[in-house]
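Here is a short report on charged side-chain pairs. Look at the structure first, then read on.

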Amino acid sequence: MSTRERLLAQSLVAPGEAARLADRDPGSTGGPEFAALAPDELEQRAKDAIARGIAELSEVQELLWASDRYALLVVLQAMDAAGKDSVIKHVMSGVNPQGVKVVSFKKPSAEELDHDFLWRISEALPERGRIGIFNRSHYEEVVALKVHPEWLEPQRLPPGDRGERFWQERYEDINAFERHLDRNGTKIVKFFLNVSKDVQKERFLARLDRPGKEWKFNAADVAERARFDDYLRAFEDALTATSTPWAPWYVLPADHWWVTQALAVWVLVDKLRSLDLRWPEVSAAEHAANLEARKALEAEPVAR
């Protein structure tokens, strides 16, 4: 098994098994085989891997677009300041913007609240040939709302118990929804960016200290930080219940951005390559027409 395969296997939440977030190191840099490297050398290796991965992703995205048979949905979930925006900005930096759509789900609108919780997700799915990125997603419905069950009230759900069975049914709905998408050509990869509480604090303070970054800070995030452990438990439950063969979760260490991004780009490239994408075939009639067009082009007088 190569280093790349080992690291991705370690990041995967195996379907049917617990996510074990408490046992996963947010500050991991790859394991004992990298222990002898100086920090700057380790970081440079990861940056080199990211650059190669971005180039690979650019190539395979063009094939995804041309083949027009599959779509790829990338789900990003994390605590605040874990680096979701940076993953989108850097990992997707080499792809054609025409083939990528990023959706950030905010507080539901009145219209969205008049539908089931997956309705607005369906409306935002990528078309065939495209990559869709959900910066937060339908998983807020089983994470943030599990931490804050009072936020369910505006959904005006039918009367009933809001205990553990309620959340299990939501997990079942999500799994069925994602299986339907997979069967119809929308392939799904889900990332949980696993940041430590200490590094989250460092990043919050950095936003306040750096000119031009304070706008990214939200004082309400500090209040939510007080429930860090509650959110981790909600993520543990959600990832354990919804990592499936058709829509797996990957837990990416997020204390070092270069580790997060290297793993993310590897997963995306491997997922797209697994689809056995092929260039569109040109029919005999089209090929004949192209030959005639070539003759016409070659017959044009050379401009002086």
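Is R130 buried, partly exposed or exposed? R130 is partly exposed, with a relative accessible area of 25%. The model is predicted. R130 forms a salt bridge with E127, and the closest N and O atoms are 3.5 Å apart. E127 is also partly exposed, at 43% relative accessible area.

The count of salt bridges comes to 21. Three of them are set out here.

| Salt bridge | Closest N to O distance |
|---|---|
| E56 and R4 | 3.7 Å |
| E127 and R130 | 3.5 Å |

**D237 and K146.** D237 lies in helix 10 (residues 228–242) and K146 in helix 6 (residues 144–147), so the pair ties together parts that are 91 residues apart in sequence. D237 is partly exposed, with a relative accessible area of 32%. K146 counts as buried, at 18% relative accessibility, because the cut-off for buried is under 20%.

**E56 and R4.** The closest N and O atoms of this salt bridge are 3.7 Å apart. E56 belongs to helix 2 (residues 39–67) and R4 to helix 1 (residues 3–11), so the bridge ties together parts 52 residues apart in sequence. E56 is partly exposed at 24% relative accessibility. R4 is partly exposed at 22%.

R4 and E56 also belong to a network. Which residues does this network of salt bridges link? It links R4, E56, D270 and R273.

Notes:
Residues numbered from 1 in each chain as written. Predicted model: local features only at pLDDT ≥ 70, side-chain atom pairs only at ≥ 80, totals over all residues. Heavy atoms only, no water. Salt bridge = Lys/Arg side-chain N within 4 Å of Asp/Glu carboxyl O. Helix = DSSP H or I, 4+ residues; strand = E, 2+ residues; numbered from the N terminus. Buried < 20%, exposed > 50% of the residue type's maximum accessible area, 1.4 Å probe, protein only.
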